[in-house]
Amino acid sequence: MNSLFIGILSFFLTSIYSMQFTDVDGNQVNMSSYQNKKILLVNIASGSPKAAQLAGLQQLHQQYGDSVTIIAFPSNSFGNESRTNAEIRQFCQSNYGVSFRIASKNSVSGADAQPLFHWLRYASENGVLDGVTGRDFQKYLIGRDGKIIGIFNASVLPMDSTVIDAIMEN
């Protein structure tokens, strides 16, 4: 690609740091507060057969919290989240001791997807790749530069060496 094309393309890209979301307590969170940090975005569902991964995410948060910020996005996109925001927070804290940030319940796929997951879906917005969120507990690793550097499907556990290695790489 020539530099003019790359410059025009980058003009139309959306920075993850210009986005925001509402957390489970109703607070607006600006992604700009995570600049220069690695971020692991995970769509979760308390009724999912994979809900036990919340324990692994908490362990990852405790052991590698200096290297990565974890943000969970509850969703009923795959039919596994019937709880309200307050119930989700209570479930995560009571059953798994979750202390990382939880976003408010929202869709992570389709036309009504939460804006961050819309950004993850389209290379035309994120500048890296098209990433379809296909099930609960899919994980997206964002680098310090705000670019997607890893996508881990739902079967990859949070404490898997591939996740940890990606977090620990520069």
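**Helices and a hairpin**

Trainee: Where is Tyr 64 found?
Mentor: Tyr 64 lies in helix H2. Please keep in mind that this is a predicted model.

Trainee: And which residues does Tyr 64 touch?
Mentor: Leaving aside residues up to four places away in sequence, Tyr 64 touches Met 159, Ile 164 and Met 168.

Trainee: How far apart are Tyr 64 and Ile 167 in sequence and in space?
Mentor: In sequence, 103 residues separate Tyr 64 and Ile 167, while their C-alpha atoms are 8.3 Å apart in space.

Trainee: Back to H2, then. At what angle do the axes of H2 and H3 cross?
Mentor: The axes of H2, residues 53-64, and H3, residues 85-96, cross at roughly 75° and come within 10 Å. Angles of 65 to 115 degrees count as roughly perpendicular, and H2 and H3 are therefore roughly perpendicular to each other.

Trainee: Which residues make that contact?
Mentor: H2 contributes Leu 54, Ala 55 and Gln 58, and H3 contributes Phe 91, Cys 92 and Tyr 96. Of these contact residues, five are nonpolar, one is polar and none is charged.

Trainee: Now the strands. How many bridges join S6 to S7?
Mentor: Four bridges join S6, residues 139-142, to S7, residues 148-152, and the two strands run antiparallel.

Trainee: Which residue in S7 stands opposite Ile 142?
Mentor: Ile 148 is the residue opposite Ile 142.

Trainee: What about the residues between the strands of that hairpin?
Mentor: The hairpin of S6 and S7 has five residues between its strands, and Gly 146 takes a positive phi near 85° there.

Notes: Residues numbered from 1 in each chain as written. Predicted model: local features only at pLDDT ≥ 70, side-chain atom pairs only at ≥ 80, totals over all residues. Heavy atoms only, no water. Axes fitted to C-alpha atoms, helices over the stretch in contact; angles between N-to-C directions. Parallel < 35°, antiparallel > 145°, perpendicular 65-115°, else oblique. Contact = heavy atoms within 4.5 Å. Nonpolar A, V, L, I, M, F, W, Y, C, P; charged D, E, K, R; others polar. Pairing = 2+ DSSP bridges.
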